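Subject: Structure for you to look over

Dear colleague,

I am passing on the structure below, and after it I set out what was found. Please read the notes with the coordinates open beside you.

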Amino acid sequence: MNNSVAKEKIVSLRKKRSLEDMRFKYYGFTAMCLSLAVLVFLLYTIFSKGYTAFQKTIVLLEVDYNQDVLKLTPDSSDEEMEKGKFFRVKKQAIENFFPNLSKSDIKLVKKLFSINADNEIKDYFLDNPEVINTKQQIWVTAHSDVDQLLKGNSRRDVSEDRRKLNDIQLSYVDQLVEENRVKQVFNNFFFTKADSRHPEIAGVAGSFMGSLFTLFTVFILSFPIAIGASVYLEEFAPKNRITELIEVNISNLAAVPSIVFGLLGLGVLLNVFGLPRSTPLVGGSVLALMTLPTIIIACRASLKAVPPSIKEGALAVGATKTQAVFHHVVPLALPGTLTGTIIGLAQALGETAPLIMIGMIAFIPNIPTGLTEPSAALPVQIYLWVESAERGFQEKSAAAIMVILIFLFMMNAIAVFLRNRFERKW
Amino acid sequence: MSNSKILANSVDVYYGSKQALFGISMDIKEKEVTALIGPSGCGKSTFLRCINRMNDLIEICKVSGSIKVDNEEIISDKTDVVSLRSKIGMVFQKPNPFPKSIFDNVAYGPTIHGLVDSKNDLEEIVHSSLKKAGLFDEVKDRLNEPGTSLSGGQQQRLCIARAIAVNPEIILMDEPCSALDPIATAIIEELIDELRLNYTIIIVTHSMQQAARVSQKTCFFHLGELIETGETNKIFTNPDNTKTQDYITGRFG
């Protein structure tokens, strides 16, 4: 082949090769756009469905704290005040606002208010006992059905039997709206209350705390064990068949479906050891088992990444093996290990199946204060709410998803920060 | 002249089934610089790492034969490797300061061996070690900066200071200048010349000029065998063995 022919061939092939380049760039760009679009769509759906959950509807009532109705006196002790008949002043306030109601109508109107309204009237009184025998304008929480109607989440133009509120109730709601006695405010209940049968007073505080306690348990159990196991395997274990077998099985363990760990928790932790059901202690232990391989793999990778020359340097000045490992190798591997741990914890945070197996799916209406108290967890809470028929829970589940996503986002941000801040380049 | 410090007798080293050293016998005198030269893969680093049992780190490495340091056998399961290594310092091919401050780098050895009781003592050891390594004047104002922030030559001298700090009798140097520029190399070579007054030094080097400049004795290795050993002057001017002759005149290697 002479020179000019070779040149021609190179030129013609060169065109094809640069076309290939272009095509590949285009494919990659399309793939990226596609995944971005899906992500944006997902976030948009969640946000558009969920943002209304951060608002609640409240109704203005004129409450007469009459001492005879309350069966209290201005001198009543705190304990007596606790037992005041606040439901009666609420009923009276409703009757005053809608005069001439029949008994059945009163029942219907009462359903426009949250079950929590009595408590709100009571709390206001307990905070300001001097209001006895006066009339006060008090905003109380509306029932979820009213809330959903005013947020436009439930339709009023369908036949009565397909609505939560019947025609009479609708007319009363309209009357309240007309007189400007209804407004939407920030829904503090969503962040301060635990789960409830009533959507308007259901919140994520209980499951959030449950998740925190669970993650705490996971961290306390898995982090030291994982570091111990990785340091042993990486630095001390003899390289033989048994070690190899263990190494392979750690990777296998990472691939075990999480529900299997749940079954293990149910069978061993609950039934054999008799640990308390539905608690963060058990949930955390199960998730710790699940997280362990992830952390071990991350920790071993970071231990491997520490250059052997550092260890040799320490050994050469007469450090024992343990000193060389714990003074020099482990501290250098720690940032990578922590990053892996946080990613493992993030996985654990989103895990639902094993928690269902050990009973963290129970309905827990109060906020847990310890590791051994029954509690829910965020992902299970979402599952519970998505399952609920009540329309009010739909926006709650979307909002809870937002909470868990923000939680995850923050954990990952910490991991990235740690990695950038402390990771060394060799 | 002086007494023998290290006495090796038919040392064999195997990596798995491959034999790397064949019956090495050697007599290393006190307070002298002995250079180990030879082409790559001839086993000179392997031999060096036998002396402070660094080969223990390599699991497939098996050492047999006898090496006596101060008449004490060190190729034995009973050898206390940790105290052996505090007696025999080592400087590696690539400077490997700990990713800690300059001060902590030097202080690490004395601290783990419990050589010091007070902070002042420690400071004194660190300062004197840095002075002996000829680094003190350059770093005295920044002892708290990380050791890795120093230049390559300074890092290597820091590693020498780190080795000196535990008060060894022997210093092993595994191609200490191969990663350094000529100026840093010259400084280290000068330093080696000074250190020879107090320490027995064994240096592995690829540079024959370096061996000629710094050493009193030279040992020539080839394919795992010790071909010739003798006064540096003699080896470089009038070697007995033709292989040595060929190597130092650049005919192979």
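I begin with a strand pair in chain B, where M90(B) has L172(B) of β7(B) as its bridge partner, and I88(B) is likewise bridged to I170(B) in β7(B). Strand β6(B) and strand β7 (residues 170-174) of chain B run parallel and are joined by 4 bridges; strands here, like helices, are DSSP runs numbered from the N terminus, with at least two residues (E) for a strand and at least four (H or I) for a helix, and two strands pair if DSSP finds at least two bridges between them.

Before going further, please note that this is a predicted model, in which local features need pLDDT of at least 70 and side-chain atom pairs count only at pLDDT 80 or more, while totals for chains, interfaces and linings use all residues. Residues are numbered from 1 along each chain as its sequence is written, and chains are lettered from A and ligands numbered from 1 in the order in which they are written.

The two strands belong to an open sheet of 6 strands in chain B, with the order β6-β7-β8-β3-β9-β10 and mixed pairing. Its edges are β6 (88-91) and β10 (225-231) of chain B, each of which pairs on one side only. On average, neighbouring strands of this sheet are turned by 15° against each other, direction ignored. In a regular strand, side chains alternate between the two faces of the sheet. Both faces of β6(B) are covered, since I88(B) and M90(B) on one side and G89(B) and V91(B) on the other are all buried (a residue is buried with 20 or more other C-beta atoms within 10 Å of its own, exposed with 12 or fewer, and partly exposed in between, the C-beta atoms being placed from the backbone).

E175(B), with phi of about 45°, lies in the loop between β7 and α7 (182-195) of chain B and is buried, with 21 other C-beta atoms within 10 Å. R53(B), with phi near 60°, lies in the loop between α1 (44-51) and β4 (61-69) of chain B and is partly exposed, with 19 such atoms within 10 Å.

The contact between the chains takes 21 residues from chain B and 15 residues from chain A, where contact means that C-beta atoms, placed from the backbone, lie within 7 Å. On the side of chain B that touches chain A, α2 (81-87), β6, α3 (102-112) and α6 (152-164) each supply at least two residues, and the largest share, 4 residues, comes from α2(B).

Turning to chain A, it has 18 helices and 3 strands. Its C-alpha trace spans about 105 × 65 × 40 Å along the principal axes, and buried residues make up 37% of its 426 residues.

Within chain A, the axes of helix α13 (residues 280-305) and helix α15 (residues 321-350) come within 8 Å and cross at roughly 150°, the axes being lines fitted to C-alpha atoms over the stretch in contact and the angles running from 0 to 180 degrees between N-to-C directions. The two helices α13(A) and α15(A) are therefore roughly antiparallel, a term used for angles over 145 degrees. Among the residues that make this contact are L287(A) and M290(A) of α13(A) and V329(A) and A333(A) of α15(A).

With best wishes

Definitions and conventions: Angles under 35 degrees count as roughly parallel, over 145 as roughly antiparallel, 65 to 115 as roughly perpendicular and the rest as oblique. Two residues are in contact if their C-beta atoms, placed from the backbone, lie within 7 Å.
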